[in-house]
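Please examine the sequence and the structure shown below. The paragraphs that follow lead from one residue to the chain as a whole.

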Amino acid sequence: MEQWTTSVWRCMLPSRQEQGEALTTLLRQCDANTLIVGRQRLVAPNDFVIELLPKTHRLIAASPLPVAPALAAQVRRHAAEQGYIFAGPVAIDLRPTPHDTAVRFRVYSRIAPARRRES
């Protein structure tokens, strides 16, 4: 069981030397879906959904370690290094996949504007 949970965490979060697969996919989504909106203005996706196998999702949801905020921090760091800006705050939603699949996880991204506060 310990080996299995270790491999799940390695998939989601990076160790100090290497990036986890999910993080690598998130960063690739940023790079691939960035929009040029003006001179020196590149807007990167800021709203991500990571669909996980239900078993993996249950394991991560039960963990005391905050996975989504750690991944969001890495996305913000990557964006800063690349000179990207965001239309709103970075949000990462971890969900169980709604259907049977052999794929360990899928990542979807979009550019979502910041919500305006209503007075």
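**From a single residue to the whole chain**

Thr97 counts as buried, because its relative accessibility is 9%; buried means under 20% relative accessible area, exposed over 50%, and partly exposed in between, with a 1.4 Å probe and protein chains only. This residue is found in the loop between strands E5 and E6. Leaving aside residues up to four places away in sequence, Thr97 touches Glu51, Leu52, Leu53 and Pro54, where a contact means heavy atoms within 4.5 Å.

The model is predicted: local features need pLDDT of at least 70, side-chain atom pairs count only at pLDDT 80 or more, and totals for chains, interfaces and linings use all residues. Residues are numbered from 1 along each chain as its sequence is written, and side-chain values use heavy atoms, with hydrogens and water left out.

The chain contains 4 helices and 6 strands. These are DSSP runs numbered from the N terminus, with helices (H or I) of at least four residues and strands (E) of at least two. Along the sequence they follow the pattern α-α-β-β-β-α-α-β-β-β. Of the chain's contacts between residues at least 6 apart in sequence, 75% join residues at least 24 apart. Of its 119 residues, 36% count as buried.

The largest nonpolar core has 22 residues. Such a core is a set of buried Ala, Val, Leu, Ile, Met, Phe, Trp, Tyr and Cys residues joined through side-chain atoms within 4.5 Å. Leu26, Phe48, Ile50, Leu71, Val75, Ile92 and Leu94 touch the most other members of this core. Two or more residues each come from helix H2 (21-32), strand E3 (47-52), helix H4 (67-82), strand E5 (91-96) and strand E6 (105-110). H4 gives the most, with 6 residues.

Gln40 counts as exposed because its relative accessibility is 75%. Most residues other than glycine have a negative phi. The phi of Gln40, however, is positive, near 60°.

Which residues line the largest pocket? They are Asn46, Asp47, Pro89, Ala91, Arg110, Ala112, Pro113, Ala114 and Arg115. A pocket is found on a 1 Å grid over the protein atoms alone, as an open set of points where a 1.4 Å probe fits, with protein on both sides within 12 Å along at least five of seven lines; lining residues have an atom within 4 Å of a point.
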